[in-house]
Structure formats: C-alpha cells, structure tokens
Amino acid sequence: MLRLFLLILGMLLSLTVSSQEDVLQKKVTLNLKNASLEEILQKIDNEAGVHFSYDSRLVASREKTDLVVDNKPLKNVLEMLCHIYNLEYQVVRQQIVIKEASRKVEKTPKSRITISGHIRDKESGETLPGATVVIKGTTIGSISNAYGFYSLSLAPGKYILVYSFVGYERVKKDVTLERDKQVNVGLELGTLSLAEIVFEYDMQLEEMKKNHTGYLPLNPSIAKRFPEFAGESGLISSLQSLSGIQTHSDGSSFFFVRGGNRDQNLILVDEAPIYNPAHLFGFYSVIIPDVAKNISIYKADIPVDKSGRLSSLIDIQTRDGNMKSFGTEGLINPLMYRFSIEGPIVKDNASFYSSYRRSNFGWIYKGESPEADLYFLNFNTKLNWLINDKNRLYYAFFYGKDNYTNKESEEAPLTGLVWHNFTSTLRWNHIFNSRLFSNATLYVSDYNYSLLTGLDPWQSGISDITFKYDFSYYASPEKTIQFGLSLTEHEINPGNMSPEEGEQNPYIPTVSAGKASLAGFYYSREKKINDKWSWKAGVRVPVWNHKGPLLVYNFDDNYNVSDTLFFNERENAKTYINLDWRISGKYLLNDYSSLNASIGNYNQYLHLISNSISPLSSFEIWMPSGKNIKPQKARQLTFGYRSLMSYNIEFLANVYYKKMLNQIEYVNHANILLNPLLEGELRFGESNSYGLELSLRKTKGRLNGWINYTYSRVYNLFPDLNSGNPYPAFYDRPHDFSAFFSWQITQRINMAANWVYHTGSAITTPVSFYYYNDNLVPVYGERNNDRLPDYHRLDLSLSVKLNKPHRRFQHSLTLSIYNLYNRHNAVSVNFNKVETQDGHIVVPANLYGTHNVMSTKNYMMGIMPSLTYKYKL
C-alpha cells in the first residue's frame, strides 16, 4: 500500500514539475509602446496560449510602460514584469497567477504588539470559526478559533490586514501598531465575480496551509444540497459520501472510519457527546445541516483536548442566533415538519436560536393500526450573551426522542421501544489579554434506551457530567500553545429491568457496571518553522477510575467464574493511566501542493456491546473499562498529499495504517440481555487496518462536488475465535466509491446527485447443512467467510426557488428521489427457506424430502420520492 502511494505521489510530482517547465519555456516576442499591464498580459496570452489569473483592480493600478522582447522564454519575460511592477507569479498547472509581491516582515522582532478580536458575520453577528487574518502580501497571519477569536503579534509599525472567510467578501484594515489593540471585524456574504477569482484561489491556498492530516471540513451549506431522504438531508447521509467513512446499509446509523468499529467515533454537539446519532433506526439523523454553524471531521490527528475514541471525531457547533434581527425558517412534507426562530434578546449583545422537528407518520398507519404511536422529535435551543469585550456566555440544549410503541389500554399494556438523547451545555469565554483566550465548559449528557414489554421495562443508558477548562496562548504568528484539563463522571446502566413500583424482582438477574470517572490534562503546541515546514504535537494524560457500587466476576482461562468481588459506593475497582499523543508535520512543496504526515496514540474507555449487525438491533449496551475489559488502544500512521490543480479544483491522496489492541468480539451465540456474566461472553484481540483514499473536489462555480475512492482492509486476530486465524471484520469493505455533484442551473434552480457504491459487508454463512432428528442444522466454517451483495444507490434532487432574487421572504420546493433506480440493497441473508416445485420460495412446514435450502436476502428500502416545501423569512 505504501509503495502504491509513493508511486502515485511520484507520478503527480513529476507531472507537476514538467507542466511548469513546459509553460515557462514557451517563447515570446513583444514590441509594445506605452502599454498597460493588462494589455501586456493579454498579448502574451494570445501569443503563447497561456491563461493568466489576477485581480483586475491590482493590474489596473499599474502604470503604462514600453516592452520589447525578441523570442525570449516566458519565464524571463515574467521576471522582468515582476521587477518593474513589484509583483510575483506562480504556475498552477497551465495557469499563471499574478499577485502582489510578498512583503518582508520581521518574524522574530525584539518586541511584539498584539492585535486581537473576533471575526463575525456582519449581517447576523454569528462568529466565524476558521476565518483567516493575514498581512497583505505575506503568508503571516492567524486563524480564528472555534469561537471566532483571533490574535496576531507583530513588530510595531503600519500594516494592511486582510480578513477573509470562504464565501464572504474580504475586508482590508489599515492598522498602526503602537500598543496592543482590539479590532472586531464583520464580513459580508459575497458573490463570485471575475475580479474575485484570485481571492477565491488564495482562500484555497490558506485552507491548504492550515488544514491538518485527516481533517475534513463539512460546510453545512454544502451538506444542505445533498439529495434528501423523505425530505431532509442529515449528518449520516453526508458522511456516506466522504472518503474513508463507510456506512452499513439503508436505515442504519452505523458508520466506520478507517477500519474502526462503530463505537470508536465521537460525536460532539456544542462540546457534549451524542451516544445515538440516529432517528428511526438510522433513516434520519439527530443533527441536520440547517441547525449547524460548523462541522469538523477528524479521521486522524484528533485534537488531544477532545480525545476519547480511536477512529474519528465529528465536532458540531450549532447556530448562535442572529444578533441583528429576527428570522424564521422551516419545512413541511408528508413525513416531517420543522420550524426554527432566531433573533436578538438585546441587539448586538444577546441572541437566541431555537428549532423544533417532528415526524408525521400517523396518516400512514392510523387506519390499519390505530393503537400504534410512532414518532420521533428533537428540540434545539441556544442562547448567547456578549457580556463585554472580554466575556461571553453560551447555553445550548438538545433533546431528541424516538417513540415506537402501542398505546396503553385496558386490554393491552404499553409495549414497544423508546430512546432519547439529552445534552445541556454552559460555556464561558474569557479573554485574559490579547494573547490568552480561555473557555470553561460544563455539560450534562444522557442517553437512555427502553424496551417496553408490558411488564417491567428493560432499560440501558449512560449519563455524563463534565467540566472542562481550555486555554489558547497565541505566542506569535508562528507559534500557538493550547492546554487545559477536564473531569468527567459517568453513570452506566448496562441493561436491567426497571420496576416502576417496589423493589427489583429477585428472580430477574441484575447486571452491574458501576460508575467511572475520567480526569485528564493536555498540552499541545503548533509551530511554523519557516515558509515550508510546520509541525504540531500534543499530549494528554487521562486517568480512568472504575468505581462501585459494583459486583465483579473473575473468570478462569475457560471463562468460568472463579471469584466474585464487591465494591462499595465510590470504592475504586480499577485504575488505568495511559498516554494519548499526536505528532504531525506539513511540508509545502510550493504554493499549491503539500505533503503531510501524522502519527498518534489513542485510548478508549467506553465500549458499545452489541452482537447484532442488524440496523434494527434492540439491545445496545455501553460498558466501561474495568477489571475484565481493558481500554481499547490504537496507533495510526498517516501520509498525505494535497494539490490545487486550478483555482477551484483540488486533489487529495492519503495512505494510512492503524493497529488496534484490546478489540472486542463475542463468543458464538453470546447472550447480552440480562446477563450478569456478560463480560464472560466477550473475547479480546487485535485488529489491523490499512487503506488508500483518493479525492477530487471542485468547490467553486455553478457546478461543484467531489469524487472519492477508498481502498481499505481490516482484519481481526482473536486467539479464541476462528481457530486463532485472522479474518476480515464485518466492516471490512475493500472498495468504496462516491460521487456528489451540485449544479446551479440558474439563480433559482439547483440540481444535485449523489451516487455511492461499496463492497458488501463481511458475514458468516453456513458451508453445509445436515439433518438431525428431522431438523436442518447448519455447519459453519471460518468467520466472515462470505459477503452481502455489493451496495450501490443513486439519489437525485431538484430544488426550485419560488421567490424572486433579493426578496426577504424566500421559499422553495424540493423534489428528491432516494434510490432512483430502486436498488434492493441487502441488510441480511437467510437460509431458512426452500424452493417449491412451482418455483416459490417459502419457509417449510417440515423438512422431509430433498428440497435444497435457498439463500434469501432482506432489504430495507426501495425507491423513495418526496416533495418538500421550505421557507425562510
């Protein structure tokens, strides 16, 4: 895999160098008198057949000149022009970009003065995380943090600062630095014009320079364009089209990142974890792009302050609310309705944002099953208060619920499934001085799952309460330091019957998981060595304590109980102290291509126990690390290459290897329901995964989108399973391909298409059958010896704006078709049916005779059209 990556990389680099040399060696003959720079460039364009990209305002400001050259290489002519006009150029494939010459700035001045502040959306007052501020004509600058705060320390003097953010008009500020000062900047949404082409190009350069290995920003405005399932796009469907991220099937919230299991992904919403990201068993997501302000995805080099999982981090910030004016938006379709409202509480100082969403399935089933009560809902709200220039408060609340029950009546008790996610987060931003920023966070997270049987309900769940204090110190434009601490208390219910009245039934066993705490301190440092090299390193020391009340069973080598231990309330049962660390580096080959690498060590202390591959599994249990379950560990090594092929097309290639220890599998026919000896059903081993990810993206223009291909393998090695031989994991998918395109046909009409394909999941099927006492008995061979059929699906959408441009009231109709060609993608395979003489496949009443057992597949969803009305005011 590494040799293949290096071969591809070498070919790309050689093509890059040769294409540059070909362009610059073209011969040019000119004889111009009193010509403007724009006329000179146009003449070169006509004669040499090269294309220039530049800001027309920059070119128009240059004086006219005489220029005579006779059959000279283009390189010599460009160097002459750059000397005359104080410009510089760079070659991007067959295109030459003209820009202002870089200004020389003292990088290590004896004294520094700091300019700091917040970068916001000028219209709404929302902060803009990831915005850039640079000194005009240089690459020296800073990036705003998750709360829109930036800090830049420079030598005393006069500067022109350029503030920019993707999709917004850049703003230039003339500043004179004599002492520390605060400058808050508002940016306006912009439209792409010819004069702004260079601006958009430079913004991509900045994105390339600041992005880390394994980092994928998912712009909510892009995610909104995805073809919708039943009228609404969601987080899970958006992830499905990204390289290195694989989903299971229709109607499933399972997703796997770079060979990791599904519990190895941490999803944060305003800093608080969400333990179940799905509604309706995965057809809908609890988080939708409309409520998100920023979505950051990390597949490697995960920030040490947000450790806790082995494979990925999905960090979501919800909208703060408009500080300038009130607004509302929503949608309605046959299966769903949603509305939101936002506005100022105190103009320019405090605002709110609230959103409510609920399903509308009743009209489908009420006629046939009036006693059924099937719905899901979620509610988001956020408050933010700018107390003064140095202090700001945020409060965020989220509640999501799924209810699939039969209503209680005199004839029948309440039965069915109910689960909910709940988070509540309070954050305080404080600026100690122009270089030191802090954020204190207190959050509560609760996930509860109930199986209602008409008797005592079976319940499982996990609750957290966490305090974090994070600091960012902007020592210089080249060096940023982050450090902080956190403390989390977990309370875990691994699945028990919960009597509504009285005491626990003594005949029903109790499963114990106790409580746990996780304390940690972290430190990270990012350093830009020079214009080519930069590096980042971080370390976190987590201390995990598993505590009572707790009953622990010790097992012998045959997994028979050998001893029992009881731990009282708060009594420590097991402590783990491990080290999480990350090291990454980046090397800029030139202004439009870079190499990067990272290596990291990860630990995970919470584990999802589920021995079903069905997306409709009812029994999922979270368990803590303790005496019998060790923390999962992983070490990942990644190499990457990124190149801007033109001002709006980029190519990315990544190769990775990941080794994971203390992975969890299950003994054959494991029982995880009401089993106090649950830990004896588990088996432990290691997994090894590796892969190659290729991505081609077009991010600007009327037609944009991406094409991704991933080749990946993941193998398990468990001494107690598969005779100790390696076998592919369930989520081993060698080939994964996705293509997403969005075409803005006119200002009012947009069309989008999304096609996904991946190899079928690895499953275990019988290798033969035999009869015993007239019963058909399957015989199994190696684990995961077979695969489900390959998965593929095409989704299409057409959105039409009903209002004229620039109207305050905006509304639209969106027609979406999920699974356009009605592919029946299998989620499971059965072997309990036979074929009759007339060709029908049935479940046999008896097994006398010589019928052959047939394999049949179950699928969740065929073609699904929807029509949705959306509005915004």
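**Exercise 1. Strand β47 and its neighbours**

In strand β47 of this predicted model, which residue is the bridge partner of Phe 741, and which strands pair with β47?

*Solution.* The bridge partner of Phe 741 in β47 is Ala 753. This contact belongs to the pairing of strand β46 (residues 735-744) with β47, which is antiparallel and extends over nine bridges, and the two strands are connected by a hairpin of four residues. Turning to the next pairing, β47 is joined by ten bridges to strand β52 (residues 791-801), again in the antiparallel sense, and here Met 751 has Leu 798 of β52 as its bridge partner.

The last step concerns the faces of the strand. In a regular strand the side chains alternate between the two faces of the sheet. Strand β47 (residues 749-758) has a covered face made of Asn 750, Ala 752, Asn 754, Val 756 and His 758, while Ile 749, Met 751, Ala 753, Trp 755 and Tyr 757 make up the uncovered one.

**Exercise 2. Helix α4**

*Solution.* An α-helix has 3.6 residues a turn, so residues three or four places apart point the same way. Just after α4 comes Asn 86, which takes a positive phi of about 55 degrees.

**Exercise 3. An open sheet and a loop residue**

What is the order of the strands in the open sheet of five strands, and is Ala 300 buried or exposed?

*Solution.* The order is β14-β21-β22-β17-β18, and the pairing is mixed. At the edges stand β14 (215-217) and β18 (272-273), each of which pairs on one side only. Within the sheet, strand β21 (residues 292-298) runs antiparallel to strand β22 (residues 312-318), with six bridges between them, and Ser 296 has Asp 315 of β22 as its bridge partner.

Ala 300 is placed in the loop between β21 and β22. With a relative accessible area of 2%, Ala 300 is buried, since buried means under 20%. Ala 300 and Leu 310 are ten residues apart in sequence, and their C-alpha atoms lie 9.1 Å apart in space.

**Exercise 4. An enclosed strand and a surface patch**

Why can strand β5 be called largely enclosed, and how does Leu 426 count in terms of accessibility?

*Solution.* Of the six residues of strand β5 (residues 95-100), five are buried, so the strand is largely enclosed by the rest of the structure. Strand β2 (residues 51-53) pairs with β5 in the parallel sense over three bridges, and Ser 53 stands opposite Val 97 in β5.

Leu 426, by contrast, is found in strand β28 (residues 415-431) and counts as partly exposed at 40% relative accessibility. Leu 426 is one of the residues of a nonpolar surface patch, which together have about 990 Å² of accessible area and include Phe 467, Tyr 523 and Val 541. At least two residues of the nonpolar patch come from each of β29 (436-453), β30 (458-476), β32 (515-528) and β33 (533-547).

Note on methods
Residues numbered from 1 in each chain as written. Predicted model: local features only at pLDDT ≥ 70, side-chain atom pairs only at ≥ 80, totals over all residues. Heavy atoms only, no water. Pairing = 2+ DSSP bridges. Patch = residues over 30% accessible without salt bridge, like charges linked within 9 Å, V, L, I, M, F, W, Y side chains within 5 Å. Areas by Shrake-Rupley, 256 points an atom, 1.4 Å probe, with all protein chains shown as cover. Salt bridge = Lys/Arg side-chain N within 4 Å of Asp/Glu carboxyl O. Buried < 20%, exposed > 50% of the residue type's maximum accessible area, 1.4 Å probe, protein only.
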